[in-house]
Amino acid sequence: DRLADLRAKKEKVKALSSNIRLQNQSRTQRQARPTAQRAKPLSSRQKALQYAASVPKPPPAARAPLKETESNREGGLLLVGEEDALMSELEALELQHVRDTQAVEAIRKEFMRKA
């Protein structure tokens with residue numbers, strides 16, 4: 001008798017829970033879900049990308065014609081005038097090296113006199 005009452009209660013609870021579950025499912029299906037979600041504010045990165053897209057790009061710079069040089073066959077082609085710039089840069093570095101070497105020698109001589 002007691003066992004039958006427990007089983008009946010259990011069946012009643014199961015039936016109620018299944019009814020409630022069905023009602024909840026039908027409610028959620030009936031309710032229209034909002035399609036438009038709140039727009040999140042733009043992050044700093046997104047703002048920067050948006051701004052960068054609106055900034056006009058500069059026109060490409062005109063390039064000087066290329067020429068092959070005797071001294072740079074391995075490296076390929078140099079821009080016209082670039083060889084002169086390289087030579088003047090090399091000469092400037094050589095001159096700086098000579099000056100630095102002379103300064104070091106002067107310091108050594110002065111240091112040897114004091115010692």
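The accessible surface of the protein comes to about 11,800 Å², with carbon and sulfur atoms accounting for 56%; areas were computed by the Shrake-Rupley method with a 1.4 Å probe, and for residues only the protein chains shown count as cover. The structure is a predicted model, in which local features need pLDDT of at least 70 and side-chain atom pairs count only at pLDDT 80 or more, while totals for chains, interfaces and linings use all residues. Residues are numbered from 1 along each chain as its sequence is written, and side-chain values use heavy atoms, with hydrogens and water left out.

Of the 115 residues, 2% count as buried (buried, under 20% relative accessible area; exposed, over 50%; partly exposed, in between; 1.4 Å probe, protein chains only). The secondary structure consists of 3 helices and 2 strands, where helices (H or I, at least four residues) and strands (E, at least two) are DSSP runs numbered from the N terminus. Their order along the sequence is α-α-β-β-α.

Leu-42 is located in the loop between helix H1 (2-30) and helix H2 (44-54). Its relative accessibility is 42%, and Leu-42 is therefore classed as partly exposed. Apart from neighbours within four places in sequence, Leu-42 is in contact (heavy atoms within 4.5 Å) with Lys-47 and Gln-50.

The count of salt bridges is 1, a salt bridge being a side-chain nitrogen of Lys or Arg within 4 Å of a carboxyl oxygen of Asp or Glu. Glu-105 pairs in this way with Arg-108, and the closest N and O atoms are 3.4 Å apart. Both residues belong to helix H3 (residues 82-114), where a spacing of 3 residues separates Glu-105 from Arg-108 by about one helical turn. Glu-105 is partly exposed at 37% relative accessibility, whereas Arg-108 is exposed, with a relative accessible area of 51%.
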